[in-house]
Amino acid sequence: AGLIALLILSPHIHWQVSNNFPSFRYHLVDRSAGFRWAFFLEYLPNQMAVFNPFTLGAALYVIFRYRADSLLKRNYYFQIAGFLVFFWMMSFRGHVEPHWTIACSIPVILILSEKCFSDPSLLRYTRRFILPSILLLVVIRLIMLTDISFVRNVAFGGKERKYTELAVEADGLPLVFTGAFQRPSLYSFFTGEEAVAISSVYSRQTQYDLWQFEKKYHNRPAFICLNQHTNSQIYVSDTLRFGGFRTDSLQTVNRIIIDFDLREELLYSGDTLTLPFSLHNPYDYDIDFNHRHFPVEFCMILIKGRDLSVRSFLPDEPVDIICSGETVRRTFSAVFSDLPEGKYSFGLSLNTLFGPSLNSHFIRLKIIKDD
């Protein structure tokens with residue numbers, strides 16, 4: 001079974017290796033947000049909501065009340081406990097999506113259905129509580145699919161009007177969102193039109209960073225859904241308020257690769273950092289740093305805990321256009337006299353109206369005051 005599974009997974013494993021393990025980096029690095037009590041404390045209530053508290057409670061009762069009398073049942077117990085404990089531990093480094101543990105619902109169903117035949121009290125509990133609660137959840141899910149006024153803002157059905165109105169304003173142009181993947185996904189689902197999300201250091205990487213759909217729209221007209229911008233017009237309707245503008249030439253720089261080698265991991269406050277770096281353009285087209293709608297500027301990213309600082313800088317020589325496949329090298333100098341002492345994550349980025357993109361690796365940098 002293991003060898004067959006490995007054979008079936010071999011194309012996916014090859015894809016992971018070829019693309020520098022994007023799924024692992026997404027879950028282990030990009031989604032890491034540090035410890036927060038909210039992430040830790042919300043985990044169990046979220047699991048109760050996903051599994052139904054009556055069902056999960058019954059499964060935990062069976063696990064603690066009855067000892068596994070076979071290797072198969074022991075395997076079921078380990079699957080349930082393993083999923084729940086592992087992802088609870090993951091909450092120490094960021095938010096855990098409740099549905100990530102849903103795979104252990106299969107052993108939950110198996111152990112409960114088996115015990116119902118041998119434990120009359122569990123069978124009565126199932127009939128009195130679990131079955132009615134399942135029917136109640138079905139009713140709630142059906143209500144959430146409707147456009148009833150009192151659930152419109154949170155229900156699935158109420159979103160359709162918003163995105164169809166947005167499609168009317170876009171008038172057939174591909175829609176470009178910033179940040180998370182939910183809005184372009186819902187927009188494409190409800191309208192059948194094309195949309196993409198452009199991430200930045202303020203948001204996590206998403207599947208749109210793997211798909212890279214924005215390459216299709218380079219130097220083409222698009223509708224930019226962005227509230228805070230001087231070119232944005234505010235659109236208001238009964239169900240929707242958003243800002244956006246049309247462009248006749250889209251340009252993004254998220255795939256530009258910045259590389260640098262910072263050997264000094266310790267800096268004194270007030271020291272001047274002189275750092276050579278390179279920019280590589282992997283696109284099939286040129287990137288114009290003086291683009292009339294999407295100009296590009298250089299910036300440093302310094303992250304300390306939850307604080308993120310973006311600082312612009314000018315290289316020793318200006319960059320106007322990076323041709324397709326070209327690599328250019330520059331140097332810049334910066335002084336960190338106003339930064340508090342502490343450990344930082346340091347990286348370089350290209351900033352556009354979509355925000356600073358994730359263009360370089362990050363290194364640990366410690367700044368201390370010079371006594």
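**Close-up views of a predicted model**

View 1. T352 touches V253, P295 and V296, when residues up to four places away in sequence are not counted. The model shown here and in the other views is a predicted one. T352 belongs to strand β14, which covers residues 342–352. With a relative accessible area of 12%, T352 is buried, because buried means under 20%.

**View 2. The whole protein chain, for orientation.** The secondary structure of the protein chain consists of 10 helices and 16 strands. Along its principal axes, the C-alpha trace spans about 80 × 55 × 45 Å. The protein chain has 371 residues, and buried residues make up 40% of them. Among contacts in the protein chain with a separation of 6 or more, 65% are between residues 24 or more positions apart.

**View 3. Helix α3 against helix α5.** Helix α3 runs over residues 37–51 and helix α5 over residues 71–90; their axes come within 10 Å and cross at roughly 145°. The crossing of α3 with α5 is right-handed. On the α3 side, the residues that meet α5 are F40, Y43, L44, Q47 and F51. On the α5 side, they are F83, L84, F87 and W88. Sorted by type, the residues of this contact are 8 nonpolar, 1 polar and no charged.

**View 4. L56 in helix α4.** L56 is located in helix α4, residues 53–65. Its relative accessible area is 4%, so L56 is buried. Leaving aside neighbours within four places in sequence, L56 is in contact with Q47, M48, F51 and L84. Of these, Q47 and F51 also take part in the meeting of α3 with α5, as does L84 from the α5 side. S133 is 77 residues from L56 in sequence, and the two C-alpha atoms are 12 Å apart in space.

**View 5. M90 in helix α5.** M90 is a residue of helix α5. The relative accessible area of M90 is 18%, and because the limit for buried is under 20%, M90 counts as buried. M90 and L28 are separated by 62 residues in sequence and by 9.4 Å in space, C-alpha to C-alpha.

View 6. A pair of aromatic rings is described by the distance of the centres and the angle of the planes. The count for this model comes to 27 aromatic pairs. One of them is F21 with F24, an edge-to-face pair with 5.8 Å centre to centre and 80° between the planes. F21 is partly exposed, with a relative accessible area of 36%. F24 is also partly exposed, at 48% relative accessibility. Ring pairs also link W37, F40, Y43, W88 and F92 into a cluster.

View 7. F177 is buried, at 1% relative accessibility. Y187 is likewise buried, with a relative accessible area of 1%.

**View 8. Two charged side chains over the ring of Y66.** The charged end of R65 sits over the ring of Y66, at 5.1 Å from the ring centre. K115 lies over the face of Y66 as well, at 4.1 Å from the ring centre.

**View 9. Two loop residues with positive phi.** N20 is not a glycine, yet its phi is positive, at about 60°. This residue is in the loop between α1 (2–18) and α2 (22–30). D171, also a residue other than glycine, has a positive phi near 55°. The loop that holds D171 lies between α8 (159–170) and β1. D171 has a relative accessible area of 63%, so it is exposed.

Note on methods
Residues numbered from 1 in each chain as written. Predicted model: local features only at pLDDT ≥ 70, side-chain atom pairs only at ≥ 80, totals over all residues. Heavy atoms only, no water. Helix = DSSP H or I, 4+ residues; strand = E, 2+ residues; numbered from the N terminus. Buried < 20%, exposed > 50% of the residue type's maximum accessible area, 1.4 Å probe, protein only. Contact = heavy atoms within 4.5 Å. Axes fitted to C-alpha atoms, helices over the stretch in contact; angles between N-to-C directions. Left-handed = near helix turned anticlockwise from the far one by under 90°. Nonpolar A, V, L, I, M, F, W, Y, C, P; charged D, E, K, R; others polar. Phe/Tyr/Trp six-rings, centres within 6.5 Å; stacked < 30°, edge-to-face > 60°. Lys NZ or Arg CZ within 6 Å of the ring centre and 35° of its normal.
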